[in-house]
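Hi,

Here's the structure I promised to pass along.

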Amino acid sequence: MAITIQAIHHVGLVVRDLDRSIWFYHDLLGLPFVNEPTPWFEGPELSVGVGVPGARLRQVSLLAGETIMELIEYAERPDGGPQPPPNNNLGAAHVCFKVADVAATKAELESHGVAFYSEVNVVDDGPLAGWRWVYFSDPDGLALELVEIAYYDEEARGLAAAEYLRSRPSKEQAESRVPA
């Protein structure tokens, strides 16, 4: 039986302070509420469900296009340092927001004090041809990205993906490359 994924329903981010993050994601980035902030949740079912012993959390859901952004504040987090892991750490993640004009959006966010990692990157060759992208961080240092898709060659990308699937390493070969 083949699995059928319909869509990405939501992306969840753990934040230090839910109210501060709402100021950033709702008030600055303009993401509307799907639900208002919840009260604190806790209990054995929650702890088992999220895989965190003694979990106590509250959350809010905001809408980015057709995808929900869930922001979660845990009452207690382990000591892991003041910043999220670097982008190249296993498990690190980022959220990318599609925009119509990446340069204009970057300029608007900069006028509100948002710092970006670099200038807008322009890609006109290879699998990501047409991308104009730039990274920035939320108030907790979580990696975010803006992307503008200036053009997309669907036929070329489809042919390249089919060629990859035809010539890729076997599952066993791929698994043998990953340290145990």
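Predicted model: local features only at pLDDT ≥ 70, side-chain atom pairs only at ≥ 80, totals over all residues.

Arg-16 has a relative accessibility of 31%, so it counts as partly exposed. Its side chain meets that of Asp-140 in a salt bridge, 3.4 Å from N to O. The two ends of that bridge come from distant parts of the chain, 124 residues apart: Arg-16 is in the loop between β1 and α1, while Asp-140 is in the loop between β8 and β9. Asp-140 counts as buried because its relative accessibility is 3%, and buried means under 20%.

Salt bridges with shared partners join Arg-16, Arg-20 and Asp-140 into one network. The total for the model is 10 salt bridges.

Now for strand β5, residues 67–74. Seven of its eight residues are buried, so the rest of the structure largely encloses it. On the strand pairing:

- β1 (residues 10–14) runs parallel to β5, joined to it by five bridges. Here His-10 sits opposite Ile-68.
- β4 (residues 56–64) is antiparallel to β5, with eight bridges. Leu-62 has Met-69 as its bridge partner in β5.
- β4 and β5 make a hairpin with two residues between them, and Gly-65 in the turn has a positive phi of about 70 degrees.

Arg-58 belongs to β4 and Glu-73 to β5, so the pair ties together parts 15 residues apart in sequence. Both Arg-58 and Glu-73 are buried.

Leaving out residues up to four places away in sequence, Tyr-74 touches Val-14, Trp-40, Val-50, Val-52, Ala-55, Arg-56 and Leu-57. Pro-44, 30 residues from Tyr-74 in sequence, is 15 Å away in space, C-alpha to C-alpha.

Arg-56, one of those contacts, has a salt bridge of its own with Glu-42, where the closest N and O atoms are 3.4 Å apart. Since Arg-56 is in β4 and Glu-42 in β3 (residues 41–42), this pair ties together parts 14 residues apart in sequence. Arg-56 counts as partly exposed at 32% relative accessibility, whereas Glu-42, at 57%, counts as exposed.

Cheers

Note on methods: Residues numbered from 1 in each chain as written. Heavy atoms only, no water. Buried < 20%, exposed > 50% of the residue type's maximum accessible area, 1.4 Å probe, protein only. Helix = DSSP H or I, 4+ residues; strand = E, 2+ residues; numbered from the N terminus. Pairing = 2+ DSSP bridges. Contact = heavy atoms within 4.5 Å. Salt bridge = Lys/Arg side-chain N within 4 Å of Asp/Glu carboxyl O.
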